[in-house]
Amino acid sequence: IFLSAFLLFQLQPILTKLILPWFGGAAAVWTISLAFYQLAYLLGNLYAHLLIRRLPPLFSARLHTILLLASLLLLPILPSPFWQPRGTEDPVWKILGLLAVTVGAPFLLLSATSPLLQAWQSRGRADARPYRLYALSNAGSLLALLSYPILVEPLLSTRHQAWVWSIVYGGFALLCGVVAFQQPTAIIPKTVPSSAVSPNLKLQLLWLALAASASALLLGVTR
């Protein structure tokens, strides 16, 4: 979980810096890239939810392992010259297509790791407390964000960063595949929320507004 979070937040500046010269160094490249990363992160969590709730444990473990191994075929995460703009096309779709083809699958699988492994850790264990693993995920994310400008960027060229990331991701994928086959096969019971504690519309809108504010501030600061 720690390694997946670290790789997830290291990947974002590495690939965006790789493609930045292709599109004239515009700040919009980061904005579009970040929109892709946020969408892929959401889809990764949805994928984890479906594996946990909708599929049998053994089948979900095998499926996740197959996808992890298949994602290794996309390494290294060096964008193809095919995606370089020719000067007439819309750069938005070029950037989104490039990111989806180059790192879409690894990014989605990394995004699913924390919720998926927390569920596996608690499966079949009545006294399990997986929530501390969420804190471990945050620690990996924070370390990635701090270490990139301080250590990674000054010491390695962007191309070397992509190669090192790809090698570490390969190790992560193999290790996560082993963990997938070691998970218990008990089915997690479905919980039905009580209507007495359901959040009202006002609270739900507040949650949406806070999430949108965080995204807006992140875009503003990083630009």
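This is a predicted model: local features need pLDDT of at least 70, side-chain atom pairs count only at pLDDT 80 or more; totals for chains, interfaces and linings use all residues.
## H1 against H2

Helices H1 and H2 pack with their axes 10 Å apart, at an angle of about 145 degrees. The crossing of the pair is right-handed. H1 brings Leu8, Leu11, Gln12, Leu15, Thr16 and Ile19 to the contact. H2 brings Val29, Trp30, Ser33, Leu34, Tyr37 and Tyr41. By class, that makes nine nonpolar residues, three polar ones and no charged ones.

Ser33 belongs to helix H2. Is Ser33 buried or exposed? The relative accessible area of Ser33 is 0%, so the residue is buried. Neighbours within four places in sequence set aside, Ser33 touches Thr16, Ile19, Ile95 and Leu99. Thr16 and Ile19 are among the H1 residues in the contact with H2. Ile95 and Leu99 are among the H4 residues in the contact of H1 with H4.

## H1 against H4

H1 also packs against H4, with an angle of about 170 degrees and axes 9 Å apart. The two helices are therefore roughly antiparallel; the cut-off for that class is an angle over 145 degrees.

On the H1 side, the contact is made by Ser4, Leu7, Leu8, Leu11, Gln12, Leu15 and Ile19. On the H4 side, the residues are Ile95, Leu98, Leu99, Thr102, Val103, Phe107, Leu110, Ser111 and Thr113. Eleven of the contact residues are nonpolar and five are polar, with no charged residue.

## H2 against H4

Helix H2 spans residues 28-54 and helix H4 spans residues 91-122. Their axes come within 7 Å and cross at roughly 40 degrees. H2 and H4 are therefore oblique to each other. Their crossing is right-handed. The contact residues divide into 24 nonpolar, five polar and no charged.

Tyr47 sits in helix H2. Its relative accessibility is 14%, so Tyr47 counts as buried; the cut-off for buried is under 20%. Which residues does Tyr47 contact, leaving aside neighbours within four places in sequence? They are His64, Leu67, Leu108, Leu109 and Ala112. Val164 is another matter. Tyr47 and Val164 lie 27 Å apart, C-alpha to C-alpha, and 117 residues apart in sequence.

## The salt bridge

How many salt bridges does a search of the whole structure find? It finds one. The side chains of Lys17 and Glu153 form it, with an N to O distance of 2.7 Å. The pair links distant parts of the chain, 136 residues apart. Lys17 is in helix H1 (residues 2-19), and Glu153 is in helix H5 (residues 132-155). Side chains of opposite charge can pair when their charged atoms come close.

Both partners fall between the cut-offs for buried, under 20%, and exposed, over 50%. Lys17 has 32% relative accessibility, so this residue counts as partly exposed. Glu153 has 32% relative accessibility and also counts as partly exposed.

Gln121 lies in helix H4, which spans residues 91-122. At 28% relative accessibility, Gln121 counts as partly exposed. Leu133 is twelve residues from Gln121 along the chain. The C-alpha atoms of Gln121 and Leu133 are separated by 9.6 Å.

Gln182 is in the loop between helix H6 (158-181) and helix H7 (201-222). Is Gln182 buried or exposed? With 62% relative accessibility, Gln182 counts as exposed. Trp120 is 62 residues away along the chain, yet the C-alpha atoms of Gln182 and Trp120 are 9.3 Å apart.

## A cis peptide bond

Most peptide bonds are trans. The bond from Leu75 to Pro76 is cis, with omega near -5 degrees. Pro76 is found in the loop between helix H3 (57-71) and H4.

Notes
Residues are numbered from 1 along each chain as its sequence is written. Side-chain values use heavy atoms; hydrogens and water are left out. A salt bridge is a side-chain nitrogen of Lys or Arg within 4 Å of a carboxyl oxygen of Asp or Glu. Helices (H or I, at least four residues) and strands (E, at least two) are DSSP runs, numbered from the N terminus. Buried means under 20% relative accessible area, exposed over 50%, partly exposed in between (1.4 Å probe, protein chains only). Axes are lines fitted to C-alpha atoms, for helices over the stretch in contact, and angles run from 0 to 180 degrees between N-to-C directions. Angles under 35 degrees count as roughly parallel, over 145 as roughly antiparallel, 65 to 115 as roughly perpendicular and the rest as oblique. A crossing is left-handed if the near helix is turned anticlockwise from the far one by less than a right angle, and right-handed if clockwise. Ala, Val, Leu, Ile, Met, Phe, Trp, Tyr, Cys and Pro count as nonpolar, Asp, Glu, Lys and Arg as charged, and the others, Gly among them, as polar. Contact means heavy atoms within 4.5 Å.
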